[in-house]
Amino acid sequence: MTFRQKHLLGIEQLRPEEITTLLDLADKYVDLNRRQQKHSDALAGLTQINMFFENSTRTQSSFEIAGKRLGADVMNMAMQASSIKKGETLIDTALSLNAMHPDILVVRHPHSGAVDLLAEKVNCAVLNAGDGRHEHPTQALLDALTIRRAKGRLHRLNIAICGDIAHSRVARSNIMLLGKMENRIRLVGPPTLMPSQIDQFGVEVYDDMRKGIEGCDVVMMLRLQKERMDGGFIPSEREYYHRYGLDAEKLSYAKDDAIVMHPGPMNRGVEIDGTIADDINRSVIQEQVEMGVAVRMAAMDLLARNRREQPNEGVYV
Ligand code: NCD
């Protein structure tokens with residue numbers, strides 16, 4: 001087995017073989033999840049705590065189901081945005097949680113880097129469920145699994161990532177993962193929604209949607225992250241939809257068998273036309289949700305195995 005991580009903080013730390021190991025195991029969990037009896041005891045006796053300092057429906061429920069299917073005792077902490085105003089609060093929360101001896105901590109936080117910081121303070125395995133604009137590793141892994149199953153491979157594909165790249169941790173993690181697996185990545189969107197150090201990403205950049213998705217195997221749409229904008233990024237939603245919203249006409253520029261992806265939650269009629277999102281011949285949006293549970297099961301299983309093998313490592317407090 002090639003997976004030497006203690007935590008899953010980002011795609012940045014993973015080697016291509018580790019990504020493949022995780023996806024191979026996730027494939028097995030897809031089979032388990034499709035059975036009537038979905039139970040495994042990979043995490044039996046372990047405690048998993050989900051700490052979401054930012055709203056989430058899909059990711060939190062996906063981690064919760066994943067933990068329960070593996071037999072962990074799962075607890076969801078309701079974190080209110082008001083309790084996280086000071087950096088100290090996060091560390092204090094982490095320390096008191098740590099005293100309860102959890103084995104797995106799943107954390108989402110609005111500040112980039114907050115999850116890495118927390119991982120230094122606790123002695124359990126920490127999984128990043130999204131930190132600010134920084135990383136969302138399980139989303140990139142579930143996207144990779146969806147692509148690999150739909151296209152039969154995860155290399156040498158033309159992949160367009162479209163929309164609000166600047167505010168998106170999903171885009172950052174995907175650019176890293178798909179780049180490590182040697183795909184050709186195009187970023188498509190208005191210059192105002194492109195990150196500043198775009199030239200360091202090793203990608204092609206387009207502000208014309210039709211040119212950007214021309215000949216692509218995968219068209220990945222992103223949500224307009226209004227909560228991370230302080231105004232002035234787009235003229236109006238109507239104008240944005242006209243230029244960058246994925247509809248049948250724009251999609252016709254991609255390959256005939258191109259798949260359409262979106263991490264959710266979707267703004268229908270803003271970044272994507274509802275009929276494209278619901279078209280089961282093109283859209284793999286529901287598969288992405290299904291793959292999410294399997295990928296999170298695989299990630300927690302691998303981290304738990306590593307903990308069993310090195311029980312004394314990682315004691316920092
Ligand atoms: C993404 C997130 O939270 O970063 N959603 C998700 O995990 N399902 C993308 C988004 O919020 O647009």
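Two strands count as paired if DSSP finds at least two bridges between them. Strand S8 (residues 218–221) and strand S9 (residues 259–261) meet that cut-off, with three bridges and a parallel run. Keep in mind that this is a predicted model. Within this pairing, methionine 220 has methionine 261 in S9 as its bridge partner.

S8 also pairs with strand S5 (residues 158–162). The two run in the parallel sense over four bridges. S8 is covered on both faces. Val218 and Met220 are buried on one side, and Val219 and Met221 are buried on the other.

Now move to strand S4 (residues 125–131). Seven of its seven residues are buried, so S4 is largely enclosed by the rest of the structure. Its parallel partner is strand S3 (residues 104–109), joined to S4 by five bridges. Look for isoleucine 104, which stands opposite alanine 125 in S4.

Next come the helices. Helix H1 covers residues 16–33, 18 residues in total. From first C-alpha to last, H1 reaches 25 Å, close to the 26 Å expected at 1.5 Å a residue. The buried residues of H1 include Ile19, Leu22, Leu23, Ala26, Tyr29, Val30 and Asn33. An α-helix has 3.6 residues a turn, so residues three or four places apart point the same way. What do the buried residues of H1 pack against? Their partners are helix H2 (58–69), helix H5 (137–151), helix H6 (169–180) and helix H11 (285–309).

Follow that packing to H6. This helix has 12 residues and reaches 17 Å, close to the 16 Å expected at 1.5 Å a residue. H6 is mostly covered, with nine of its 12 residues buried. Among them are Arg169, Val170, Ser173, Asn174 and Leu177. At the start of H6, a side-chain oxygen of serine 168 comes to within 3.2 Å of the backbone nitrogen of valine 170. After H6 comes glutamate 182, with a positive phi near 65 degrees.

Arg169 and Val170 are among the residues around the ligand. Others there include Arg58, Thr59, Arg108, His136, Arg223 and Gln225. Which atoms come within polar reach? Threonine 59 places a polar side-chain atom 3.0 Å from a ligand oxygen. Glutamine 225 does likewise at 2.8 Å from an oxygen atom of the ligand. Proline 263 uses its backbone instead: an N or O atom there lies 3.3 Å from a ligand nitrogen. The protein covers 94% of the 320 Å² of accessible area that the ligand has on its own.

Finish in a loop. Isoleucine 198 sits between strand S6 (184–188) and strand S7 (204–206). Is isoleucine 198 buried or exposed? The cut-off for buried is under 20% relative accessible area. Isoleucine 198 counts as buried because its relative accessibility is 17%. Leaving out residues up to four places away in sequence, isoleucine 198 touches Leu187, Val203 and Val205. Glutamate 249 is 51 residues from isoleucine 198 in sequence, and their C-alpha atoms are 28 Å apart.

Key
Residues numbered from 1 in each chain as written. Predicted model: local features only at pLDDT ≥ 70, side-chain atom pairs only at ≥ 80, totals over all residues. Heavy atoms only, no water. Expected span 1.5 Å × (residues − 1). Buried < 20%, exposed > 50% of the residue type's maximum accessible area, 1.4 Å probe, protein only. Contact = heavy atoms within 4.5 Å. Near = heavy atom within 4 Å. Polar contact = N/O pair within 3.5 Å; in protein donor to acceptor, adjacent residues only side chain to side chain. Areas by Shrake-Rupley, 256 points an atom, 1.4 Å probe, with all protein chains shown as cover.
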